[in-house]
4 protein chains.
Amino acid sequence: MLYSWIPNYPAQGPGRPPGATVIIVLKNDVTEAQLSHLVEHVEASGLKANISRGTYRTIIGLIGDERKLALEHVKSIPGVADVIPVLPPYKLASREAHPQPSVISVGHVKIGGGNLAIIAGPCAIESRERLESIAASIKAAGAGILRGGAFKPRTSPYAFQGMGEEGLKILRETGDKYGLPVVTEVMDTRQVELVERYTDMIQVGARNMQNFYLLTEIGRTQKPVLLKRGMSATVTDLLMSAEYILSQGNSNVVLCERGVKGFDPATRNTYDVASVPLCHILSHLPIIVDPSHATGRPDLIPACALAGVAAGADGVHVEVHDKPEEAKSDGAQALLPAQFAELAKQISQMAQLVGKKMSPGGGAAA
Amino acid sequence: MLYSWIPNYPAQGPGRPPGATVIIVLKNDVTEAQLSHLVEHVEASGLKANISRGTYRTIIGLIGDERKLALEHVKSIPGVADVIPVLPPYKLASREAHPQPSVISVGHVKIGGGNLAIIAGPCAIESRERLESIAASIKAAGAGILRGGAFKPRTSPYAFQGMGEEGLKILRETGDKYGLPVVTEVMDTRQVELVERYTDMIQVGARNMQNFYLLTEIGRTQKPVLLKRGMSATVTDLLMSAEYILSQGNSNVVLCERGVKGFDPATRNTYDVASVPLCHILSHLPIIVDPSHATGRPDLIPACALAGVAAGADGVHVEVHDKPEEAKSDGAQALLPAQFAELAKQISQMAQLVGKKMSPGGGAAA
Amino acid sequence: MLYSWIPNYPAQGPGRPPGATVIIVLKNDVTEAQLSHLVEHVEASGLKANISRGTYRTIIGLIGDERKLALEHVKSIPGVADVIPVLPPYKLASREAHPQPSVISVGHVKIGGGNLAIIAGPCAIESRERLESIAASIKAAGAGILRGGAFKPRTSPYAFQGMGEEGLKILRETGDKYGLPVVTEVMDTRQVELVERYTDMIQVGARNMQNFYLLTEIGRTQKPVLLKRGMSATVTDLLMSAEYILSQGNSNVVLCERGVKGFDPATRNTYDVASVPLCHILSHLPIIVDPSHATGRPDLIPACALAGVAAGADGVHVEVHDKPEEAKSDGAQALLPAQFAELAKQISQMAQLVGKKMSPGGGAAA
Amino acid sequence: MLYSWIPNYPAQGPGRPPGATVIIVLKNDVTEAQLSHLVEHVEASGLKANISRGTYRTIIGLIGDERKLALEHVKSIPGVADVIPVLPPYKLASREAHPQPSVISVGHVKIGGGNLAIIAGPCAIESRERLESIAASIKAAGAGILRGGAFKPRTSPYAFQGMGEEGLKILRETGDKYGLPVVTEVMDTRQVELVERYTDMIQVGARNMQNFYLLTEIGRTQKPVLLKRGMSATVTDLLMSAEYILSQGNSNVVLCERGVKGFDPATRNTYDVASVPLCHILSHLPIIVDPSHATGRPDLIPACALAGVAAGADGVHVEVHDKPEEAKSDGAQALLPAQFAELAKQISQMAQLVGKKMSPGGGAAA
C-alpha cells in the first residue's frame, strides 16, 4: 500500500477545540499611550496580552479564544502594523476538528477514506438518447457516478444554456436505468429545491464557489455536494467555502481541484495537483480532480487524471462524449468512450498501487 | 483638454452589423476526405469556405455570418487543428455596435462620455448614525453617489453578513437626506426585486461577475448596474458579462476595475489600470476604478485613484469610514473622511486636466 | 505498460522540413491601396499571398517558407490587424523535427525514452563530510545522479553564496567515490568552462532560463543540460530556451518542471504537472519534475513526485539533506534520507506501472 | 502641488540601524524538550527568547539582532511551525535606512526627489541614420535620455540579436550629438566593462533581474542603473535585487515597473501601477514606469504612461520608432514620433499638476 506513510492521515487524538493564537505586530513608532489603549481593548474582550519588546519592534501575543475579538478592527487601531492569525479560519472543515478522513456516500458509491470513485458524463445533457448511450459506455468502463449539466454556466448569453428541468428528468431516469447515482450543477438559489429532488449529488461550479447564498442554501439540504475550486481561489478560500456548507449542518462535502487561472495559454487553466495532498493535510474532506476542465485538452487529460490519483485524489471527474463534434458545450475537451474506458482501467491499476479501493467495486475496471 | 487625441472615442460611422470571419486551421495530416467533409459541413450552414493551401498547412476562411455555425463543434471535426474567430464574441457591448461612448445616469449623476463621478461610502451599512456621518462628509467633499453594503459577501460564514433590508432602508433614507443617489450590492437572484426598490444603482460584486442568472435577472430591470470585474476575469470575460445584462434590454452598465488576482502579497489584488483604456477601445460602456479593493491599503489608494483618472476612468469608487477601528467589514482598507476630502480635491484637479467634468458639478470639490 | 496509448510518442514519418504558414488578418477599414502594398511586400520576400475576402474581414494566407519574412514588421504595416503564425517558433526542439523521444545519457544514467532517473542531493554543497553522508544515503536508496550547488542564486546578497570551485571539487570527488554522475548549477558565462570541467551535467536555474548568453555558451559544450523552467515562462518559452542550446549544436537537453509563479501562498510555486505531457507532445526532449522547488514543502513533495511520474515524467529531482536544521540554503524544503528512501521505492513501483525502467537499473530501489 | 500629503516622503529621523524582530510559531504538539532545545539554540546566537504560551499555541519573540541567527535553519528545528520576520530583508534600499528620496543623476538629467525624466528611443539600435532621426525627434519633444539596445534579449535564437559594440558607438555618438545621456541594456557579466565605457546609465532587463552575478558586477561600477522588475518578481524581490547593487557600493539605482506576468492575453503583461507608490513607501530609490513593455500596445501606452505619472512615478520609459514597419525588434509596440511628442507634452502637464519638475527643464515639452 503505497500511501501508508504519507502524512494524509495523521494519527491524532480527538479534535482539539477550535481556536487561534494571534500575534499583533506594532509599528516602530508606537507610543506608550497607543500600546496601553491596545492592551485595554484586547483585555476588554477577555483575552490576555503578552507583550514582547524587541530591540526594534514590539509584538503582542494574544492568549485565549481570539474569536471574542474582531481581528479586522485591531488592524485599524493606531500603532498596529500587522495582525497575524496562527490557526486557520475554518473550523469544521479542518483536520484538527476531525482527524479521521471523511467518507462521503453518493448512493452506493463512496468517496474518501481509501475509496476512489470516477464521475463521468457529458458536459451538458442534450437528449435522452445521447445521455443513455454515454451512460451505458461509462458504466461498462467502471465509472461510479453519472454527471451532466441541465443548467449551464456559459460565458456568452448567446450560447446553449441547458435543458432545465427536462434535462434533470432525463438525468434521473438514465441514472436509475444504468444503476449510476447522478450529479448536476446548480447555479441559482431558486433551483436548489428542484435540483435536490432529482439528483444524488449537487455540484457547485467554480464560478459559484463564492456565491455564499447558494452555499448556504445547499448547506441546508443533506445532499452530498461536489464543491469545485474557483479559478482564483486559494486552498484556504476553498476550505472556507466548504465551511459555509458545513456550518449549515451538511457535512457531505467533496472538494474538487479543476485548475486555477494561469498565464500559459497552452492549457485552459493551470492544474494545481499539489492542492490534493495539501487539502488532505489541512482537512478531513475528500478531494477529487477534474483534469477535463483543468486542461481543456483531451490529449492531456489521461496523464493529468493519473497524476491526480498518484497524488492521493479520492476520485476523478472526466467529461465523456460519444460525438464531440455535435456536443452543445465543451465538446472539444471530452474524451471519447473508448479513450475513457482505457483511462478507467489505468486509474483502477493506479488506485491499487496507492492503496485505494475503486467504488463501487467489482466493475469492469477492476 | 489632455485626452483629445487618445483613441478612446473613434470617429466611426454607424455600427456595422455584428458578425465575424472565422479561420479554420487544418492539421498537417488532414486527408482530402476530411477536408471535403468539413467544407460540406460549413456550407450546409449557409457559409462559404475559402480554402488556402500552404506548403505545410491548409487553412479555410469562412465567409458569411458565422453565427449560423456552432464553432465549438467545428473544433472537434477530424482534421481541424484550430478555430480562430476574428471578431469579439460580445456584440451589444462593443464599440463597433455603438461608436459613441455611453453616458449612464444614476439619479442626477452622470458617468461616462466626459462625466466623472465619485462613489464613496462604507464597506457595510452598520447603523443609521454611522452612515449619516459618513454621507455628510463625502457629500461635503464632492462625492456624487453613496455606497454601502446591506448584503455582504464574506469569505467566512462566521463574519458579519450585513443588515439586510433594514440596511437598505437606512441607505435609501440617508441618500435622500443628503441628496446622494445610492448603490448597493445584490448577491442573490431572490434579492433583486428588493434591492431594485431601494436603490438607484445595483452593484454586481467581483465574486458574482459570472453568476449568469443574477446578471440575467438584473438585465430585466432598468436600473443602472455597477459591474465589477471578477478576480480571474479577462477584459473579454467582463464584457461578456456586460453582454448578459445588455442582451436582456438593460443598457445601463458601468464597468469597474477592482484588481485581479496576482502573485505579490504586498497588495490585496493587482490593480490592472490598463483595463481602463482597453475597455474604452473595445466598448462604449463607461469604466470606473476601485482602488480600495484593488490594493486593500489606504496608503496606496490615493495614488491609484489618480492613476485611474489619468488613464481615462469615468469614475472612482472609494471606501470611506470615520471609525475604521470599529468597522464591521474591511475597515482596514477605508480612507478617513479627511483623507477622502483631500483625494476628492485632487481627483477634481486631475479631471480638469484630462478634460472631464465632475458630476454632479458645482460641489465642494470643484 | 500503462502508457502504451498515450499520444506521447506519435508514430510519425521522418521529420518534415521546418516551416510555418502564417495568417494575416486585415483591419475592417483596410483600403485597396494598403492591401496591394502588403501583397507586394510579402511577395517581394518570395512568398505567395492567398487573399480570402470575408463579409466583414479579409485575411491573407502566406504560402512558402515564412522565415524569409520578418513577421514583426508585418504587424506594423498599415491595414494589418493581426499576424497569426500556425507552426511553433521552435524547430530543433519540436516533435515534428524529431518524432522519436530523445534519450540523454549522463554518465551511465539514461533519461528519456522509457528511462527514468532520480536526481537527488542537498541544495548547496556545504562540506565534504556532509555531501558524502548524503551521497551514501541517496545511492543506497537508488538515486542515479548527485546534485549540489557550488554557486547559489540567492535573493539576498547577505545569504550564503556557495563554496565555488572548492565545492565543485568536493562534488566531483564525492560523485566518483559513490559512482554517481553529478549535476550543478552554472549562473554566469564566466563559470561555464570551470563547471564543465567538474560535472557530468550542467544545470540552468529558473532565474537564468532566459539568460540567452548563458544558454548560448552552454550550447557550445557537449555536456548534458538540465534546463529548469522559469517562474513566469510558458511551455513555449521553455522550448525556445532549449532551442537556444540546440541551435549551438548541443542536443543533450533535459527539461525540468519546477513550478511557476502562482497566487496561493500555501505553496512556494504552482506545480504545473500538465506541462509534462504537454512537453512530450510538443517536443522530443525528456522532461523531469522537481517537486522540492515546486512546492517548497516536504509534506507535499512525495505526493507531487509521484504525480509527476504518473504524468509521464522522465525523472524526479529532489533535495535531500540529513540535517536540514543546519543547511545553509533551503533546508526547510529538503527530505530526510529516510523519507527519500521511502519515496525512491514508491517512484520505482510507479515507474514499473507506467512502463518505465529505472536508470541505472539493479539498484536498491528496484 | 498635488502630492504634498501622500506618504511617499515620511518625515522621519535619521535611519535606524538595520535589524529585525522575528517571531517563531511553535507546533501544537511541541514538547518541552523541543522548546528547551530551541531556546538554547537561539540564545547561543546571542539573542533573547521571549516565550508566550497561548491556549492553543506557543510563540517565541526574538529580541536582538536576528542576523546572528540563520533563520532558514530555525524553520527546520523540530517543533517549529513557522518563522515570521517582522522587518524587510533589504537594508540599504529601505526607507528606514535612508528616509529622504534619492536623486539619481544621469549626465545632466535628474531622476527622483521631485524630478521627472523621460527616457525614449528605439527598442534596438539599427543604424546611425535611424537612431539620429529618432534622437532628433525625441529631443525636440522634451525627452531627457536616449535609449537603444545594442545587445537584445530575444526569445528566439533566430531573431536579430543586436549590433553589439558597433551599436554602442552609434548610441554614444548620437547621444553626444543631440545632448542626450544614453542608456542601454547589459546582458552578460563579460559585457559590463564595455557597456560602462560607452553609456551614461546601464539597464538590467526584466529577464536578468535575478542574474545575481550581473547585479554584483554592475554594483562595482558607479554608473547609474536602470533596474527593471522581473516578470514574476514581487516588489520585495525587486528591492532585494537593488540591494545586491547597493551592497557593492553603487547607490545609483533607478527602479522600473514594466509589467508582470498576468492571465489576460489582451496585454503583453499586467501593468502593476500600484508598485509605484509602494516602492516610494518602502524605499528611497526612484521608480519609473515603462508602459511600452507593460502593455505591448501603442494604443494603451499614453494612458498608462499618464497613469504612472499620476501615481508618482519619477520618470517614463517609452519606445519610439519612426518606421515601426521596418523595426528589427518590437516595432509593433513603439510610438511614432508625433504620438510621442503629444504624450511628452501631456506628461509635462501632468508632472506640473503632481508637483514634479521635468528634467532637464526648459525643453520643448515645458
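Trainee: What makes the meeting of the C:Asp264 and A:Arg229 side chains a salt bridge?

Mentor: The N to O distance is 3.5 Å, and a salt bridge asks for a side-chain nitrogen of Lys or Arg within 4 Å of a carboxyl oxygen of Asp or Glu, so the pair qualifies. Between chain C and chain A the count is two salt bridges. Mind that this is a predicted model, where local features need pLDDT of at least 70, side-chain atom pairs count only at pLDDT 80 or more, and totals for chains, interfaces and linings use all residues. Residues are numbered from 1 along each chain as its sequence is written, and side-chain values use heavy atoms, leaving out hydrogens and water.

Trainee: Why is H10(C) called roughly parallel to H11(C)?

Mentor: Helix H10 (residues 301–310) and helix H11 (residues 337–353) of chain C pack at about 20 degrees. Angles under 35 degrees count as roughly parallel (over 145 is roughly antiparallel, 65 to 115 roughly perpendicular, the rest oblique), so H10(C) gets that label.

Trainee: And what makes H6(A) oblique to H7(A)?

Mentor: In chain A, the axes of helix H6 (residues 212–219) and helix H7 (residues 235–247) cross at roughly 40 degrees. That angle belongs to the rest, so H6(A) is oblique to H7(A).

Trainee: How do you know which residues of H6(A) make the contact?

Mentor: Contact means heavy atoms within 4.5 Å. On H6(A), A:Phe212, A:Leu215, A:Thr216 and A:Gly219 make the contact, with A:Ser241, A:Tyr244 and A:Ile245 on H7(A).

Technical notes. Chains are lettered from A and ligands numbered from 1 in the order in which they are written. Axes are lines fitted to C-alpha atoms, for helices over the stretch in contact, and angles run from 0 to 180 degrees between N-to-C directions. Helices (H or I, at least four residues) and strands (E, at least two) are DSSP runs, numbered from the N terminus.
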